[in-house]
Number of protein chains: 2
Amino acid sequence: MVKPTYGFVTEDNMCLLTDLYELTMADSYFRRGKNQLTTFDLFVRSMPEHRNFLVSAGIEQILFYLERLHFSKECIDYLRSLKLFSSEFLEFLKDFRFSGEVYVIPEGEIYFPREPVVRITAPRIEAQIIETFLLNTFNFQSAIASKAARVVIAAQGRGVVDFSPRRDHGSDAALKVARASYIAGCIGTSCTLAGMIYGIPVYGTMAHSYVMSFPTELDAFRAFVEDFPNNSILLIDTYETLQGARHAVIVAKEMEKRGQRLRGVRLDSGDIAELSKQVRKILDDAGLKYVKILASGDLNEYKIKDLLEKKAPIDFFGVGTEMGVSKDAPALGGVYKLSEDDRGPRIKLSSGKVTLPGKKQVYRVIKNGKMVKDIITLEDEKPEEKEVYPLLIKVMEKGKIIEELPSLKKIQEKFMERLDMLPDELKEIEELKEYPVEIGKELSALTEKLIAEYYKLEMSI
Amino acid sequence: MVKPTYGFVTEDNMCLLTDLYELTMADSYFRRGKNQLTTFDLFVRSMPEHRNFLVSAGIEQILFYLERLHFSKECIDYLRSLKLFSSEFLEFLKDFRFSGEVYVIPEGEIYFPREPVVRITAPRIEAQIIETFLLNTFNFQSAIASKAARVVIAAQGRGVVDFSPRRDHGSDAALKVARASYIAGCIGTSCTLAGMIYGIPVYGTMAHSYVMSFPTELDAFRAFVEDFPNNSILLIDTYETLQGARHAVIVAKEMEKRGQRLRGVRLDSGDIAELSKQVRKILDDAGLKYVKILASGDLNEYKIKDLLEKKAPIDFFGVGTEMGVSKDAPALGGVYKLSEDDRGPRIKLSSGKVTLPGKKQVYRVIKNGKMVKDIITLEDEKPEEKEVYPLLIKVMEKGKIIEELPSLKKIQEKFMERLDMLPDELKEIEELKEYPVEIGKELSALTEKLIAEYYKLEMSI
C-alpha cells in the first residue's frame, strides 16, 4: 500500500530544492577544480506587466538558507541512486557549506529592473548550487510584495488584510503571501500559522456556513458575540445585507448594555459601494459610528480604487486570491547571472539579454525627500550626485550573517517610509510610468569595452 | 538579534495552516455543542478562463493531512496567546482527530465545475476546521494538473519536462508543480527534491554560465560529456546556435569513438521553429539521427502548438514559468460548502451562488469509449443510462484510509486513459467548448423544493 506523503520541505532536504543541473554542473566544476571565486547578481530583467516599481522581499529566507545549507545523508543517498554523480563529489557534499559574501537590497526597499538585488561572491560551486533556491525564494515574495503594495496604495490608509490562504499556491505560499503582503503594508493575515511563525497579526470574521448553522441570522450573531465579545465582525450578507445590518444593530445594542462594543460587519457580495453606504447609514442612525465595515469578495487594487472613488465608507478590505497569486503578473522573472570570475568582469550578450559586468552598487538620488533616479555603478565608482544612498548592503561574510536582521515590523516601516519617497506618478495603479535607472560612467565604459571585445572575438571565430 | 526564519510547514504545525475564522467558528460550535454530523462538498463553481476540463490532483496530500491532523502543544500555546479561545476548546484540541468519511474523485480523473471532488461527512467542528487546508491543497494542484494537461496535449506525444522551480510560488509549490504536472502526463521535472520525495524522474541539461566558464564552447561541451557520458544534453545557444550545433556534432563524433552516444542538444532562444530545423539537419547530415532536440524558453501550450504546426523537429519540451504558475488562470476557485446537516439537505442561494443539496454522486456516461456527459445525482439515485461509472469513491472511513492509494505512475496512467476518452473538441487548446454536466432528476427535484422553501421563508421574514 502506498503511504500518503505530503512532501514537506525541511532544513535537511532544502538542499535538493534545486534544478538538477545546478548539481551536475557543480559536479563537473568539482572534478575539474573549477572553484575560483565568482560573483553572481540576482536581478529582474524588465518590469512585469502592470507594475511601476518592485519591492524587495524574501531576503531573510535566503539568508536562512545560505547559513544552514547542507547535504544530509538522505539527500546524498538519493543523489547517489541517480547514478549520475562522481563519488568524490558526493563525498565533497557531506561537508558542503556556503562560505560566501552577500550584499542585498534589504527587504522593504523599493527597487527596479536591472538593479542587483542579491549579489553573491563565492567559490563557483557554491554560487552555482544556490541559484534555483534563491530565485524560488526571492521571485515569489517580491512578486507578492509588489502586488500588495498596489493594493495598500489603493486602500489609501484603510487596513488591508490578507485573506488568500485557500487560493495560494500551496502551504509555503500561504506563509509567504502573509509575510510579503505584511511587508508591503497590509495590517495582517487570516493565515494562523503565519501569525505563529512570523508574529503577524491574525484576523478572522465568520463564514456563511456559521450563519446557516443557526435557525436564524440573529441567533447566529448573538451566539458569536457572546463567544467573542471583543473581536466579532459579523458577516451580514448570508441572506439579505440590509436586514443583516439591522440584525447587527440589534446585537450591537444588546452588547452596549453589557458594556461591550461590536467591532464590525463584513460585506462579501453584491454592489459593495452602494450597500456599504446603506449599511453605514443604518449603523450611524443607531448611534453605532464605532462599528467598522469590512469588505471582501474577489477584491483587487482596481476594485478598491473604484469603491473609494465612489466614496464607499469601508474601513477595512479583506483581499484574497488576486493578491495571493498576483493575478495580473503571477511570476516575477528574476534571473541569476555571472558578473565576474577569476578572469575578471563577465558579460552575457545572447538574444538581447545583456547583463552588466563586474561587482556593482546601486545608488539612489534623493531630492527634497523624493526619489529622483537610481544609478547602477561599479562597486568603487562614486556617483557625482550628492544626496544619494547606496541600496546594496553587505549582510553576510564567510557564510555568516553580519548585519542584524530587522524585525518584520521594522521592514514594514521601512517600506512605508520608502513609499513616501516614491514619486506620486509611480503610485498610479492604472498608468505605467518609468522611473529613471542610469548606468554609471565607469560601468558603462566597462560594459562597452566588453561588448567590443566580444564582437571582436565573435568575428574571429 | 532577529534569528532568520524560513517558515517550514510541518506535520506538527499544519493544523494552523488555516484561516483564523475556521478556529473561532469551531470554538463557538464547541461551546454550544453544535457538533452534529455534516456533509461538505469541495467543488469548483465555474470553469476558469482558457480551460475545457479540469484534472483532479492533490488528493493524496489531503488524505495525509486528514489522517495526521493534530494540534501540537506549540500550536495550542500560540492559540492561547491570542486570548480569543475558550480554555475548554483549547483542551478539546489536544485530542482532536479527524474521524470522518471521505469520498473523492480520484487523482488523474477528469472533472468539471459543480461536481463534488471531495465529499466530507464528519462532525461539524472537524468538517469546518479542515476547510482552508483542503482548498489550499486541492485548488493549486488541480490548477497545475489542468494547465499541464494542455501543454501535454499540445506536445502531441513528445516529452514535456517541468522546468519551473525558479518561478514557482515558493518551495512547496515547486514540489506540487512537479507532482501535478507529472500526473497530467509530463515525463519528469528538474526539481531534484520532487525526485527524492515522489520518485518523479529528474532531468537536467546545463546553463549558459557553465558554457561561459570555459574558454570556448567546445571545451565546455567536451568537459560535460566526459563527466556525464550517458546523460548529456548540450545547451547550444550561448553564442551562436548553429555553430553550437556543429560543436555538438564534433563532440558526439568523439563520443561515438568511445562507444558513447550524445543524448541531445537544447535550444533556449531565437526562432526555435527555424533553428530546430537547421540544427536537425546539421545533426542528421553528420549521421546523428539519435541525438534529440530539446526546446525551452518561456514555452506554453500555444507556442508548442505553433512550433509543431511549423513542423519543428523537437523531441522534448522544457516548460517552466507559464506551467508552474498556470499563468493564464493562476487560481482555481474551488469552494467548500455545506450540503447536509442534522436538519437534512442544505442549500445556499445568495448572489446566484446556488449550491446543490444533499449527499451526492457523479456518474459519467460513456459511449464507444468516449465520455458523453456527466450526471450529478443524489447518492442513492441511479441514472437511467447504462454505460456509466461513478466518479466519487470512498477512500476514508472513521478518519482512516480504506482504499489503497495508487502510485504516482498509476495516477498518470489513469489520466492518460481518461485523456483518450475525452471528446476531441475538449482537447482544443484555443477554443472553449462546454462538456454537458446534467443534474439528476431526484437531485433537481430536491433542489427546487429547497429553493421554494427558501423563498417562502424569505417572504415570511
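Trainee: What percentage of the 461 residues in chain A do buried residues make up?

Mentor: A residue is buried if 20 or more other C-beta atoms, placed from the backbone, lie within 10 Å of its own; it is exposed at 12 or fewer, and partly exposed in between. In chain A, buried residues make up 55% of the 461. This is a predicted model: local features need pLDDT of at least 70, side-chain atom pairs count only at pLDDT 80 or more, and totals for chains, interfaces and linings use all residues. Residues are numbered from 1 along each chain as its sequence is written, while chains are lettered from A and ligands numbered from 1 in the order in which they are written.

Trainee: How many helices and strands has chain A?

Mentor: Helices (H or I, at least four residues) and strands (E, at least two) are DSSP runs, numbered from the N terminus. Chain A has 16 helices and 19 strands.

Trainee: Which residues of helix H13 of chain A are buried?

Mentor: H13(A) covers residues 301–309, and its buried residues are Glu301(A), Ile304(A) and Leu307(A). They sit on the same side of H13(A), because their arc around the axis is only 125 degrees. That arc is taken from the directions from the helix axis to the C-beta atoms. The buried residues pack against H6, H12, E10 and E11 of chain A. Just after H13(A), Lys311(A) has a positive phi of about 60 degrees.

Trainee: In what order do the 6 strands of the open sheet in chain B stand?

Mentor: Strands of a sheet pair through backbone hydrogen bonds, either parallel or antiparallel. Here, two strands pair if DSSP finds at least two bridges between them. The order in chain B is E7-E6-E11-E10-E9-E8, with parallel pairing. E7 and E8 of chain B are at the edges; each has a single partner strand, so one side of each lacks a neighbour in the sheet. E9(B) and E10(B) are joined by 4 bridges. One pair is Val265(B) with Ile293(B) in E10(B).

Trainee: What rotation superposes chain A on chain B?

Mentor: Two copies of a chain are related by a rotation about an axis and a shift along it. Copies are superposed by least squares on the C-alpha atoms of residues with pLDDT of at least 70 in both. The rotation is 180 degrees, with 0.0 Å of shift along the axis and RMSD 0.0 Å. The two copies are therefore related as by a two-fold rotation axis. In chain A, the C-alpha nearest the axis belongs to Asp172(A), 2.7 Å away.

Notes:
Two residues are in contact if their C-beta atoms, placed from the backbone, lie within 7 Å.
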